[in-house]
Amino acid sequence: MLVRRCGDLADAQDALQDALLAAATQWPEQGVPDNPRAWLIVVGQHKLVDRYRSEDARRRREEVLAAMETVETAASGHDDSLLLLFGCCHPALSPASAVALTLRSVGGLTTAEIARAFLVPEPTMAQRLSRARRTLRELDGPFRMPSADEYAERLRAVLRVLYLMFNEGYASTTGPTVARADLAVEALRLTRSLHASLPDDPEVTGLLALVLLTDARRPARTGPHGELVSLADQDRALWDRVMVDEGVALVEDALARGAVGEYQLQAAIAAVHDEAPSTDATDWPQLLALYGLLERMTGNPMVTLNRAVALAMVDGPDAGLALLATLDDRLPGHHRLAAVRGHLLERAGRPQEAAEQLLQASHGTTSLAERDYLRVQVARLRRGLAP
Amino acid sequence: MKYMLMMKYYVEGVPPIDEWAPEDIRRHIQFQQDLGAELVANGELVDGQGLAWPDTAKFVTSDGVSAPVVTDGPFAESKEFLAGYWMVDVEDEARAIAIAARASAAPGPDGAPMRQEFEVRALMEAPAPAE
């Protein structure tokens with residue numbers, strides 16, 4: 001809203017912050033106005049005018065006017081939030097900065113909330129955000145709709161930022177769980193709105209499906225004390241069926257369109273897991289084929305790692321272990337490689353070697369929940385106990 | 001006053017945690033989580049973090065001119081490892097010491113108190129305003 005009216009992102013946000021501050025100080029005394037959102041926008045504009053009257057107004061006004069023209073021209077036919085999203089996820093920003101700026105500018109999070117989610121002091125996050133805005137300001141029309149030849153790359157950057165945001169909230173188990181969960185919720189909301197703007201893009205659809213199909217498992221992913229529960233041990237009755245159904249329908253729709261991409265494949269993999277009643281009853285040959293496709297598409301050794309798990313389920317642990325041996329050069333000393341190897345060694349009936357690998361994995365991980373989980377597994381194996 | 005309570009890895013006579021029984025590890029983790037939750041509820045917790053295993057540590061020195069010297073961990077002496085820390089904002093030093101004492105007695109094998117060593121250090125703060 002305010003971005004459209006004044007063009008410059010930083011100014012609009014500062015003005016909104018001022019308006020919110022005014023709201024915080026005035027509402028308790030004067031009561032909440034009938035339409036708080038409209039009130040905020042009106043006050044925000046007043047505050048903007050105030051700012052323009054300040055001493056350095058002229059230089060700023062010129063900058064803002066230039067930016068305003070750009071946005072106004074570019075915005076015709078596109079919704080503001082889409083332009084904002086493309087700008088905030090600009091490849092000129094580091095992924096971490098892009099995630100933070102998107103949360104602040106497109107999402108509904110305050111600087112304090114973002115700081116909490118990333119476990120940094122608020123002034124640090126405020127600085128990171130303003131550095132990101134400064135980087136964007138030096139670019140040529142970051143909030144313009146990208147031209148046809150750069151569109152694909154820019155969209156890929158947007159998808160990556162949303163995916164990282166989701167992962168930060170979902171996968172990371174450090175820090176206050178609630179603040180983290182906010183990130184996942186926000187990533188889902190933003191991906192949904194991107195999909196509403198670009199309903200025909202199969203990778204956008206794929207990402208939305210992936211987020212839904214992964215987030216559906218969240219209620220089962222941690223135990224009562226915040227400890228990690230592996231996919232095999234999760235209570236599948238806790239999975240959110242509504243999300244699963246929506247995700248499955250989306251990924252089927254996207255795959256039917258032909259242009260298969262990595263988010264669609266990842267979503268398809270998540271769908272196979274989500275539709276299985278148990279680990280044993282999972283369609284592992286299907287997963288093996290999907291990981292094979294994804295591996296060819298991305299060349300990512302982490303995908304090969306996952307393919308080794310699927311291969312072990314189809315052809316037995318020794319086949320999986322043989323594939324892992326090809327990763328020693330590409331993921332030297334990586335804790336995930338050790339964790340998967342330990343898991344397969346146990347299935348191959350070699351508990352002592354398994355314990356050694358899992359111990360190594362526990363030393364390499366930076367996730368407290370994962371370390372706790374691995375330590376318990378090591379202790380169990382050393383005592384010859386069943387899982 | 002703010003204090004940093006720094007926890008050492010090594011405890012004389014207690015085996016490393018990955019040699020404990022699974023239920024002992026679970027009890028220990030539960031204790032740490034409960035203590036953290038209690039400090040939050042008291043309004044005393046500033047920050048608390050466990051550190052990654054020292055295997056992944058790097059030592060860095062530089063003269064500011066030539067390339068920095070970077071060597072891999074771990075430390076030669078296991079008792080030098082810093083396992084993690086609590087940062088608390090409390091009324092006085094006595095309270096910081098009481099929290100450190102609680103944390104030090106975290107349950108080890110068979111639930112016996114570990115007597116983990118804590119170093120309690122005050123944080124430097126802004127000088128008090130002139131009278």
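What follows walks through a predicted two-chain model, from confidence and fold to a few single residues.

In this predicted model, local features need a pLDDT of at least 70 and side-chain atom pairs count only at pLDDT 80 or more, while totals for chains, interfaces and linings use all residues. Residues are numbered from 1 along each chain as its sequence is written, and chains are lettered from A, with ligands numbered from 1, in the order in which they are written.

As for the scores, the model comes out at ipTM 0.75 and pTM 0.74. The predictor's confidence in each residue, pLDDT, goes from 0 to 100. Its mean is 88 for chain B, where 89% of the residues reach 70 or more. For chain A the mean is 81, and 77% of the residues get to 70 or more. Within chain A, helix H17 (residues 317–325) has the highest confidence, at 97, and helix H3 (residues 36–52) the lowest, at a mean of 42. Residues 11–58 of chain A stay under 50, and the model has 33 contacts for them beyond four places in sequence; a contact here is a pair of residues whose C-beta atoms, placed from the backbone, lie within 7 Å. Another stretch of chain A, residues 60–77, also has pLDDT below 50, with 26 contacts in the model beyond near neighbours in sequence. Where pLDDT is low, the predicted coordinates should not be read in detail.

Now for the folds. Helices (H or I, at least four residues) and strands (E, at least two) are DSSP runs, numbered from the N terminus. Chain A has 20 helices and 0 strands. Chain B, on the other hand, has 2 helices and 6 strands, in the order β-α-β-β-β-β-α-β from the N terminus on. A residue is called buried if 20 or more other C-beta atoms lie within 10 Å of its own, exposed if 12 or fewer, and partly exposed in between, with C-beta atoms placed from the backbone. By that count, 42% of the 387 residues of chain A are buried, and for the 131 residues of chain B the figure is 15%. Of the contacts in chain A between residues at least 6 apart in sequence, 58% join residues at least 24 apart. In chain B, residues 24 or more positions apart make up 69% of the contacts with a separation of 6 or more.

Where the chains meet, 15 residues of chain A are in contact with 15 residues of chain B. On the chain A side, the elements that give two or more residues are helix H19 (351–364) and helix H20 (368–382). H20(A) gives the most, with 7 residues. The chain A side splits into 5 nonpolar, 6 polar and 4 charged residues, where Ala, Val, Leu, Ile, Met, Phe, Trp, Tyr, Cys and Pro count as nonpolar, Asp, Glu, Lys and Arg as charged, and the others, Gly among them, as polar.

H19(A) also has a buried set, including A:Ala354, A:Leu358, A:Leu359 and A:Ala361. Helix H18 (335–347) and H20 of chain A are among what covers these buried residues. The length of H19(A) checks out too: at 1.5 Å a residue, its 14 residues should span 20 Å, and its end C-alpha atoms are 20 Å apart. The expected span is 1.5 Å times one less than the number of residues in the helix.

Two other residues of chain A make a handy contrast. A:Ala271, in helix H14 (residues 262–274), counts as buried because 24 C-beta neighbours lie inside 10 Å. Leaving aside neighbours within four places in sequence, A:Ala271 is in contact with A:Leu213, A:Gly247, A:Val248 and A:Val251. A:Pro123 sits in helix H8 (residues 122–137) and counts as exposed, because it has 10 C-beta neighbours inside 10 Å.

In chain B, strand E1 (residues 2–8) has a covered face of B:Tyr3, B:Leu5 and B:Met7, and an uncovered one of B:Lys2, B:Met4, B:Met6 and B:Lys8. In a regular strand the side chains alternate between the two faces of the sheet. Strands pair if DSSP finds at least two bridges between them. E1(B) runs antiparallel to strand E5 (residues 82–89), with 7 bridges joining them, and B:Lys2 has B:Asp89 as its bridge partner in E5(B). E1(B) is also joined by 5 bridges to strand E6 (residues 118–122), again antiparallel; there, B:Met4 stands opposite B:Arg121.
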